[in-house]
Amino acid sequence: MNPYYQDESVTLYHGDCRDILSGLSGEFFTFSDPPYSVGKEYKGWNDDMPEPEYLAFCAEWISQVKRLSPEVCLFTPKKWTLDYWNMLGKEYQQIILPFTP
């Protein structure tokens, strides 16, 4: 897996987070601005998933984030804030920044 960008301070990857996160080890800070399943037009991504499918997608990548990151900053629409909070767990150090699209 090759970084999209890397210098002495940061490494950025571009791709499906589920593929990238599973290949990482160590401890990281995670900032995430994931797809929100609110119907936005993306090339190659269904942003209008049924709720159970979207939450299963989130549970998959969030479990990898929890494995790697003691602290997380998530940018989510208010619609999903409680779901994200519950997936991370109340003992988890988290920042959730909700917005209304």
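Which residues in α2 meet residues in α3? The points below take this up, then turn to the core and the cysteines.

1. This is a predicted model, where local features need pLDDT of at least 70, side-chain atom pairs count only at pLDDT 80 or more, and totals for chains, interfaces and linings use all residues. Residues are numbered from 1 along each chain as its sequence is written, and side-chain values use heavy atoms, leaving out hydrogens and water.

2. From α2, Tyr 54, Leu 55, Cys 58, Ala 59, Trp 61, Ile 62 and Lys 66 meet α3 at Asp 83, Tyr 84, Met 87 and Leu 88. Contact means heavy atoms within 4.5 Å. Helices are DSSP runs of H or I with at least four residues, strands are E runs of at least two, and both are numbered from the N terminus.

3. The α2 and α3 axes lie 10 Å apart, at an angle of about 40°. Axes are lines fitted to C-alpha atoms, for helices over the stretch in contact, with angles from 0 to 180 degrees between N-to-C directions.

4. The largest nonpolar core has 18 residues. Such a core joins buried Ala, Val, Leu, Ile, Met, Phe, Trp, Tyr and Cys through side-chain atoms within 4.5 Å. Helix α2 gives the most, eight residues. Tyr 54, Cys 58, Trp 61 and Tyr 84 have the most contacts inside this core.

5. A disulfide needs two cysteine sulfur atoms within 2.5 Å. The count is zero. Cys 58 is buried at 0% relative accessibility, while Cys 17 is partly exposed at 28%. Buried means under 20% relative accessible area, exposed over 50%, and partly exposed in between (1.4 Å probe, protein chains only).
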